[in-house]
Amino acid sequence: MKTAKFLSALVLAVSLGACKDDYFDRTPLDQPAESTFYTDETSVRQVLNDAYFTLRESYRYKFAFGDLAADDAYNSKFNNSTDHITINESNVVADNGIVSEMWNRSYATISRCNLVLDNIGNIPMNDDTKLRYINEAKFLRALMYFNLVRIYGDVPLVLKDIKTSQEAYEFGRTPVAQVYEQIIADLKDAEQLPLTYTQNADIGRATRGAAKALLAKVYLTLKRYGDASPKLLEVINSGTYRLLPNYADIFDAAQPNNAEVIFAVQYARGFDPVQGNPFVQYAFANEDIGTGALRRGVGTFLITDELYNLFTATDTRKATISRLTGSRRAYNFTTKYFDKGMTTTVDSGNDWIELRYADMLLMYAEVQNELGNTAAAFTYLQQVRTRAGLTTSDNLRGNQSAMRLALEQERRLELYNEGHRWFDLLRTGRLLPVMNAHFASGLSNDEIGSGNSVQAYEQLFPIPRYQVNLNPNKITQNPGY
């Protein structure tokens, strides 16, 4: 998976001509027709591989929602990127390009998953392999819908291949609760996936542990703590995952899919920019400081001073942050996406880690705290802090409210710049007070404009304007936009 050349975007042409005999209704002879393409295992695997490929595209934008919109990252205004600036300052409009691209790319992955699920049934192949491909597709579809529903709210729930433009207009926005029902159903099926893979070409694909971990996060988001607790324990006690002794090693491009990683979006250096990770370029300032690949970035994913100052001197996680001073100011860079072997700033082999073991420990601590078992929560929080070289105050053992705040901060430090912060605050109902305190703090050295705030309606992002314009009878805009 790390080095495989995936099928480029598979386009299945839909004829829109009114006359059956029209020249333009003919299937191009140099492109595969859908009716004859799905004939064997290889054809299905190609489309499934393409679903993994398109994950890279949607995850080019997830940081903007998970980190840039929150208080952990900021965009340097010197790059004049209006799309990033408005997300950073909570002034998003429905024409925002990032809002549109996240929608487009997520549905591109969903469409590949639906193609696999619609066409695999009659293909002669090994039954175990067929079941595995089905459940991989369901896992990826669930992951995409989990991102979409948290970003946009009600979204079209598309569970089949759309073959005509007329059919596409039938889909309106499906209520959040119904989307979550489908996410849960897909992930329950995906729990049948293999625990691990032995073939190198398969390492990095969705596994049973990934399905259980994502399902637990869905349950936690829905505050179904009683359902999340046993699911998290299944992951924690599986013996498959563990904390690495050295925090920085988790993100080392030379150690992909290591023992702490449960599921990661796979990037690869040395093939072409589409397969390389772009975040190393995003994470560095757009001025000439540092050396080599650090020389110049685009400045869309910089660490706020507010976050940087939370790391104590003894916190070993701080070693993954570089601080360099340029002509304009001092900048904080995450090195989580810095590939020591890369030769350019656009060709990093570091993966985007979506689910990892430390996240499971902190989620389990949160679940236990909400269930009233604060002593157990302390034990799992302590594991994460001990790895970071920190002690944990015994005063937390019997104090549920203090434990909530401690877990909120620990998730911020442990999972910084991994796309979690906004969604954590949204899940716990802390988004508005935390973000508005951030905007009012006067930390304008992070280039955040004055007078900004997050209004209640801005807890969801706008539906892309073009989607509303294309199908106004079915696709309505979120209130406030």
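Glu167 counts as buried, at 14% relative accessibility, where buried means under 20% relative accessible area, exposed over 50% and partly exposed in between, with a 1.4 Å probe and protein chains only. This residue is found in helix α7, residues 165-168; helices (H or I, at least four residues) and strands (E, at least two) are DSSP runs, numbered from the N terminus. When its neighbours within four places in sequence are left aside, Glu167 is in contact with Lys160, Asp161 and Ile162, contact meaning heavy atoms within 4.5 Å.

The structure is a predicted model, in which local features need pLDDT of at least 70 and side-chain atom pairs count only at pLDDT 80 or more, while totals for chains, interfaces and linings use all residues. Residues are numbered from 1 along each chain as its sequence is written, and side-chain values use heavy atoms, with hydrogens and water left out.

The protein as a whole can now be considered. Its secondary structure comes to 18 helices and six strands. Of its 481 residues, 57% are buried. Among contacts between residues at least 6 apart in sequence, 71% join residues at least 24 apart. The protein exposes about 19400 Å², and carbon and sulfur atoms supply 51% of that area; accessible areas come from the Shrake-Rupley method with a 1.4 Å probe, and for residues only the protein chains shown count as cover.

Gly172 is buried, with a relative accessible area of 19%. Leaving aside neighbours within four places in sequence, Gly172 is in contact with Val155, Pro156, Leu157, Lys474 and Ile475. The C-alpha atoms of Gly172 and Asn473 are separated by 8.1 Å, although these residues are 301 apart along the chain.

A pair of strands comes next. Strand β2 (residues 261-265) runs antiparallel to β6, and four bridges join them; two strands pair if DSSP finds at least two bridges between them. Within this pairing, Val265 stands opposite Trp352 in β6. Five of the five residues of β2 are buried, so β2 is largely enclosed by the rest of the structure. Strand β6 (residues 352-356) is likewise largely enclosed, because five of its five residues are buried. In a regular strand the side chains alternate between the two faces of the sheet.

The loop between α10 (225-236) and β2 holds Gln255, and Ala259 also has its place in the loop between α10 and β2. Gln255 counts as partly exposed, at 31% relative accessibility. Its C-alpha atom is separated by 9.1 Å from that of Asn350, which is 95 residues apart from Gln255 along the chain. Ala259 counts as partly exposed as well, at 22% relative accessibility. Not counting residues up to four places away in sequence, Ala259 touches Thr240, Tyr241, Arg242 and Leu244. Ala259 and Arg356 are 97 residues apart in sequence and 8.9 Å apart in space, C-alpha to C-alpha.

A search of the whole structure finds six cavities of 30 Å³ or more. On a 1 Å grid over the protein atoms alone, a cavity is a set of points where a 1.4 Å probe fits but cannot get out, and lining residues have an atom within 4 Å of a point. Grid points are joined across faces, edges and corners, and a volume is the space filled by probe spheres set on the points. The largest cavity has about 80 Å³ of space. Its lining comprises 15 residues, of which Ile250, Phe251, Asp252, Pro256 and Asp351 lie nearest the centre. The lining divides into seven nonpolar, five polar and three charged residues; Ala, Val, Leu, Ile, Met, Phe, Trp, Tyr, Cys and Pro count as nonpolar, Asp, Glu, Lys and Arg as charged, and the others, Gly among them, as polar.

Two residues remain to be described for their backbone angles. Most residues other than glycine have a negative phi. Asn80, which is not a glycine, has a positive phi of about 55°. Its place is in the loop between β1 (73-74) and α4 (82-88), and Asn80 is exposed, with a relative accessible area of 63%. Ser90, also not a glycine, has a positive phi of about 55°. Ser90 is placed in the loop between α4 and α5 (97-119); with a relative accessible area of 9%, Ser90 is buried.

Methods:
1 Å grid on protein atoms, 1.4 Å probe; cavity = no way out; pocket = protein on both sides within 12 Å on 5 of 7 lines; lining within 4 Å.
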